[in-house]
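Take a look at the structure below. This briefing covers helix packing, a pocket and a few residues.

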Amino acid sequence: MSDTTTARRVDKLSSASLNRIVEPDRDLPGGVGDAQLIADELLLSVAGLEPGGLSRDQMVTLSREVIAAIAHGGIAFEAVLMAGFSLQIARTGDYTDPRITYLLHEMGEETRHSRLFVRMLDQIGATARNPLDNWFGRHVADLVIGRIVIHPALLYTMVLAGEEIPDLLQKRAAEHPGTDPFVREVNRYHRQEEARHLAFARMVLPEVWERASVVDRTLVLYVAPLFIREMYENLVHAGVYEVVGLPGMATWRAARRHPERVATRREATRPVLASLVEAGAIEPGRVPVPWRGLCGVDAAGHPVTSERSRAIR
């Protein structure tokens with residue numbers, strides 16, 4: 001794709017963002033109800049697990065804590081993306097580049113998403129505390145964030161993962177009749193705008209990869225799958241289980257190994273791998289081992305059978 005073609009397509013994305021401005025405080029009024037926010041089968045935290053005979057009231061609490069944890073993680077992740085975009089803007093030599101204009105549109109949309117998520121958090125009033133939110137956990141997070149924001153190819157890989165994973169979860173929630181009406185509307189709104197963000201990331205990834213340093217490329221090929229896996233597994237942290245009387249870390253470890261949870265991770269991350277292959281970052285037939293484990297595929301990128309998948313989980 002030529003530079004002119006890419007610029008023209010980016011201009012179209014900017015026009016779409018300009019013509020579809022949604023102000024959550026005005027256009028998405030109201031809030032979450034007092035009942036269960038998502039159905040039992042959509043609770044990523046206990047997918048496929050027997051939750052130990054939890055009462056209906058406990059399941060209601062669990063659903064609310066899960067939504068709050070995901071919203072909290074979404075705010076944090078969008079902040080990281082905006083930090084990376086801001087650094088790109090600060091370092092550019094041409095502020096008239098259509099890519100910069102679109103990044104500004106995207107950042108505006110991300111701030112609106114975050115304000116909406118903050119409103120949801122305030123309404124839910126969750127009490128769960130992440131046990132990894134300590135000095136050591138924050139130190140590790142700072143190191144990871146530091147790598148992401150300064151390496152463009154890694155940043156856009158994480159953009160893809162950070163959009164594809166929630167997109168699948170939100171699609172399921174939006175289509176399920178047991179989802180709280182306000183949560184359903186939030187999911188639909190978020191997916192509409194994130195579709196443009198995904199399109200932009202896929203569009204510019206080939207040129208970003210072409211300019212990427214050896215370190216940046218190495219991070220994408222061998223380290224990004226680890227970052228993405230942990231991002232997925234920590235959408236619902238161990239503290240959520242403790243609120244309803246389950247053993248936090250033990251339940252969290254069991255949940256992340258369960259076939260249903262693993263299958264969702266693979267379904268959500270395979271489009272990220274496909275985008276990297278299409279961008280020329282990963283050669284067809286030579287998928288790196290970390291990506292095979294994350295996505296449940298073989299060296300050619302084909303999904304593996306359940307028997308073979310145990311070896312690369």
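Which way, left-handed or right-handed, does H6 pass H7 in their crossing? H6 passes H7 in a left-handed crossing. A crossing is left-handed if the near helix is turned anticlockwise from the far one by less than a right angle, and right-handed if clockwise. This is a predicted model, in which local features need pLDDT of at least 70 and side-chain atom pairs count only at pLDDT 80 or more, while totals for chains, interfaces and linings use all residues. Residues are numbered from 1 along each chain as its sequence is written, and side-chain values use heavy atoms, with hydrogens and water left out.

**Helix packing**

- Two packed helices are described by the angle between their axes and the distance between the axes.
- Helices (H or I, at least four residues) are DSSP runs, numbered from the N terminus.
- Axes are lines fitted to C-alpha atoms, for helices over the stretch in contact, and angles run from 0 to 180 degrees between N-to-C directions.
- H6 and H7 pack at about 155°, and their axes are 8 Å apart. That angle makes H6 roughly antiparallel to H7. (Under 35 degrees counts as roughly parallel, over 145 as roughly antiparallel, 65 to 115 as roughly perpendicular and the rest as oblique.)
- The contact of H6 with H7 has 14 nonpolar, 4 polar and 9 charged residues. (Ala, Val, Leu, Ile, Met, Phe, Trp, Tyr, Cys and Pro count as nonpolar, Asp, Glu, Lys and Arg as charged, and the others, Gly among them, as polar.)
- H3 and H4 cross at roughly 155°, with axes that come within 9 Å. They are therefore roughly antiparallel to each other.
- The crossing of H3 and H4 is left-handed. Their contact divides into 17 nonpolar, 8 polar and 4 charged residues.
- H3 and H5 cross at roughly 40°, and their axes come within 8 Å. These two helices are therefore oblique to each other. H3 passes H5 in a right-handed crossing.

**The second largest pocket**

- Rolling a probe the size of a water molecule over the atoms shows where empty space is left.
- The second largest pocket has a volume of about 500 Å³. (On a 1 Å grid over the protein atoms alone, a pocket is an open set of points where a 1.4 Å probe fits, with protein on both sides within 12 Å along at least five of seven lines; lining residues have an atom within 4 Å of a point.)
- This pocket is lined by 23 residues, and the closest to its centre are Gln 88, Pro 152, Tyr 156, Val 208 and Arg 211.
- H3 (56-91), H4 (98-124), H5 (135-150), H6 (152-175) and H7 (181-211) each supply at least two lining residues. H7 gives the most, with 5 residues.
- By class, the lining has 12 nonpolar, 4 polar and 7 charged residues.

- Leu 87 is in helix H3. It counts as partly exposed, at 24% relative accessibility. (Buried means under 20% relative accessible area, exposed over 50%, partly exposed in between, with a 1.4 Å probe and protein chains only.)
- Arg 229 sits in helix H8 (residues 214-233). It is buried, with a relative accessible area of 18%.
- Arg 253 belongs to helix H10 (residues 248-257). At 43% relative accessibility, Arg 253 is partly exposed. Its C-alpha atom is separated by 9.2 Å from that of Glu 233, 20 residues apart along the chain.

Methods
Points joined across faces, edges and corners; volume = space filled by probe spheres on them.
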